[in-house]
Amino acid sequence: MTSFDTAFRDLLRLAPGPIFPRARALYFHKYPLEGKGAAPFRTHLMEEEIEEPEALQGGGYLVRALRFAVVFWDGVPLTSPPNFAAYLTQQWQLNPADLKQESGLWFRDEGHYASFTAPALYRSKSAEDGQDPP
């Protein structure tokens, strides 16, 4: 398992459940995969797909990441263009071919960002065992 996978799973373990979509969306906008105190770049889950418990054997739910955002938090307006690709390579060993700098600012106008896809899955704890899978 890569550090990216571990960070993704750690983020999802602490996130509000899918039955609270607004709280969950706010959580993902506020909290990055890097944890607290990360700067000047932060990686956020932007879009997810959730398979509900009835679709899964053994209970729990499955989350498939559809899109991430890497946000540059070191000031608006920019003094120089952020190197999103270099950060993703250095921090997560990712080189997404679809990395795209977005026009606008991230949540509450707090930074410029780019979006990308990366494979990431999380399965919540099942009702029987009460623990998250490894």
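Me: Of the 134 residues of the protein chain, what percentage count as buried?
Reply: Glad to start there, and do keep in mind that this is a predicted model. A residue counts as buried when its relative accessible area is under 20%. Across the 134 residues of the protein chain, the share that passes this cut-off is 39%.

Me: What percentage of the contacts between residues at least 6 apart in sequence join residues at least 24 apart?
Reply: Contact here means heavy atoms within 4.5 Å. Taking the contacts in the protein chain between residues at least 6 apart in sequence, the share that joins residues at least 24 apart is 59%.

Me: Are helix 1 and helix 2 parallel, antiparallel, perpendicular or oblique?
Reply: Two packed helices are described by the angle between their axes and the distance between the axes. For helix 1 (residues 3-14) and helix 2 (residues 21-30), the axes come within 11 Å and cross at roughly 140 degrees. That angle makes the arrangement of helix 1 to helix 2 oblique.

Me: Is the crossing of helix 1 and helix 2 left-handed or right-handed, and how many nonpolar, polar and charged residues does their contact have?
Reply: The crossing of helix 1 and helix 2 is right-handed. On the helix 1 side, Leu11, Leu12 and Leu14 meet Arg24, Tyr27 and Phe28 of helix 2. By class, the contact of helix 1 with helix 2 comes to 5 nonpolar, no polar and 1 charged residues.

Me: Where does Gln93 lie, and is Gln93 buried or exposed?
Reply: Most residues other than glycine have a negative phi. Gln93 is not a glycine, yet its phi is positive, at about 60 degrees. Gln93 sits in the loop between helix 3 (84-92) and strand 3 (100-105). With a relative accessible area of 57%, Gln93 is exposed.

Me: What is the phi of Arg108, and is Arg108 buried or exposed?
Reply: Arg108 is not a glycine either, and its phi is positive, at about 55 degrees. The loop that holds Arg108 runs between strand 3 and strand 4 (112-116). At a relative accessible area of 59%, Arg108 is exposed.

Note on methods:
Residues numbered from 1 in each chain as written. Predicted model: local features only at pLDDT ≥ 70, side-chain atom pairs only at ≥ 80, totals over all residues. Heavy atoms only, no water. Buried < 20%, exposed > 50% of the residue type's maximum accessible area, 1.4 Å probe, protein only. Axes fitted to C-alpha atoms, helices over the stretch in contact; angles between N-to-C directions. Helix = DSSP H or I, 4+ residues; strand = E, 2+ residues; numbered from the N terminus. Parallel < 35°, antiparallel > 145°, perpendicular 65-115°, else oblique. Left-handed = near helix turned anticlockwise from the far one by under 90°. Nonpolar A, V, L, I, M, F, W, Y, C, P; charged D, E, K, R; others polar.
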